[in-house]
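Subject: A structure for you to look at

Hello,

Here is the structure I promised to pass on to you. Please open it next to this email, so that you can find each residue as you read.

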Amino acid sequence: WEFNGSFYQPSAFLMMGIPGLEALHPWISIPFCALYLTALLGNCVILFIIRRTPSLHEPMYYFLSMLALTDLGLALCTLPTTLGLFWFGARRIGFAACLTQMYFIHILSFMESSVLLAMAFDRFVAISHPLRHPAILTKSTVLKIGLAIVLRGTVSLLPIPFLLKRLSYCGRTELSHSFCFHPDIMNLACADIKVNVFYGMIVLLFTVGMDFVFIVLSYILIIRTVLSLTTKEECLKALNTCVSHICAVLVFFIPMIGLSMIHRFGKGVPPLVNALVAYTYLTIPPALNPVIYSIKSTHIRQALLRALCRKRG
């Protein structure tokens, strides 16, 4: 502990695995290893395929590359502490290291939300204005959107570590998960955390909250356009291009909203439920997204098969 008058700051926090199942952590690590391996290999394959296939050099797949990079970052942020805890019982994480991990987890989560919004906008333009799509979403426009996504996440969350560092902590150092999460750290403080709560809620509402609202609005407009198409085949073909993205949106937003609600309002929620929702939020989307796009995207699947055939040849 660092002591300075009435100001207390822990030198480290203690991470928690899955409450009540500590004896089974080595066995529980097996599905986590599978998920992390799928996330790392799957997203690397998506990036490799898009880079090596000129026909995939278009906005939809540029945004998919951004999603894959974000998912890789999320997996790499939580992998060392999660597997370290499950394999070796390494619960301790330094105060500064915890704030750094928390900052990058939240940045990458906000970036993923923004990328999903950009992908929704791409689908809306492609279906509603197919002839103007290449002119609206040029390479330079896609690059600017990517830079805006990165800046939005890094700048909006920059005050969070400093707001946590100014707090005084009063003895409790046990986190709820095997990674650092802003509400989790904040709730360990014995100082007034109204500023942290207010700023966290404002940032969440004006980033992830707005992204979700605009994604829903995009799909309302897409459905309007699809219903105006003349034949059933055209409707199904248009909607089929959105299936992968809809799955990615649901897989990301449902556990994220659930975890945010539990940390802020779910005082009576069992710790096991809290842990399961948190792990679902940070491990399932990075592992499932490349699988979803590999299965549902014909172009990705064909490019992957061509690459495999070339290697065998």
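First, some housekeeping. This is a predicted model, in which local features need pLDDT of at least 70 and side-chain atom pairs count only at pLDDT 80 or more, while totals for chains, interfaces and linings use all residues. Residues are numbered from 1 along each chain as its sequence is written, and side-chain values use heavy atoms, with hydrogens and water left out.

**The whole chain**

The protein chain has twelve helices and four strands. Both are DSSP runs numbered from the N terminus: helices are H or I with at least four residues, and strands are E with at least two.

How does the radius of gyration agree with that of a compact globule? For 313 residues the globule value would be near 20 Å, and the protein chain has 21 Å, so the two agree. (The radius is taken over C-alpha atoms, and the globule rule is 2.2 Å times the number of residues to the power 0.38.) Along the principal axes, the C-alpha atoms fill a box of roughly 70 × 45 × 35 Å.

Of the 313 residues, 49% count as buried. Buried means under 20% relative accessible area, exposed means over 50%, and partly exposed is in between, with a 1.4 Å probe and protein chains only. The accessible surface comes to about 15700 Å², and 72% of this belongs to carbon and sulfur atoms. These areas come from the Shrake-Rupley method with a 1.4 Å probe; for residues, only the protein chains shown count as cover.

Contact means heavy atoms within 4.5 Å. Among contacts between residues at least 6 apart in sequence, 80% join residues at least 24 apart.

**The aromatic rings**

A pair of aromatic rings is described by the distance of the centres and the angle of the planes. Rings of Phe, Tyr and Trp (its six-membered ring) pair if their centres lie within 6.5 Å; planes under 30 degrees apart are stacked, over 60 edge-to-face, and the rest tilted.

How many aromatic pairs does a search of the whole structure find? The search finds 14. One of them joins Phe32 and Phe86 in a tilted arrangement, with 5.0 Å centre to centre and 55 degrees between the planes. This pair links distant parts of the chain, as Phe32 is in helix H1 (residues 25–52) and Phe86 is in helix H2 (residues 59–88), 54 residues apart. Both Phe32 and Phe86 are buried.

Another pair, Tyr103 with Phe104, is edge-to-face, at 5.7 Å centre to centre and 65 degrees between the planes. Tyr103 is buried because its relative accessible area is 14%, whereas Phe104 is partly exposed at 41%.

There is also an aromatic cluster to look for: Phe32, Phe86, Phe179, Phe181, Phe212, Phe252, Phe253, Tyr279 and Tyr281 form it together.

**Some single residues**

Start with helix H3 (residues 95–128), where you will find Val115. Val115 is buried, at 1% relative accessibility. Leaving aside neighbours within four places in sequence, Val115 is in contact with Phe63, Met66, Leu67, Thr70 and Ile149.

Gln101 is found in helix H3 too. Is Gln101 buried or exposed? At 9% relative accessibility, Gln101 counts as buried. Not counting residues up to four places away in sequence, Gln101 touches Cys77, Thr78, Thr81, Ile93, Phe179 and Cys180. Phe179 is one of the residues in the aromatic cluster.

Ile127 is also in helix H3, and with a relative accessible area of 13% Ile127 is buried. Beyond its neighbours within four places in sequence, Ile127 has contacts that include Ile222, Thr225 and Val226.

Next, look at the loop between helix H6 (159–165) and helix H7 (182–186), where His177 lies. His177 is buried, with 0% relative accessibility. Its contacts, leaving aside neighbours within four places in sequence, include Met15, Asp184, His263 and Tyr279.

Finally, go to Arg51 in helix H1. Arg51 counts as exposed because its relative accessibility is 69%. Arg51 and Tyr62 are eleven residues apart in sequence and 9.4 Å apart in space, C-alpha to C-alpha.

Enjoy exploring!

Best wishes
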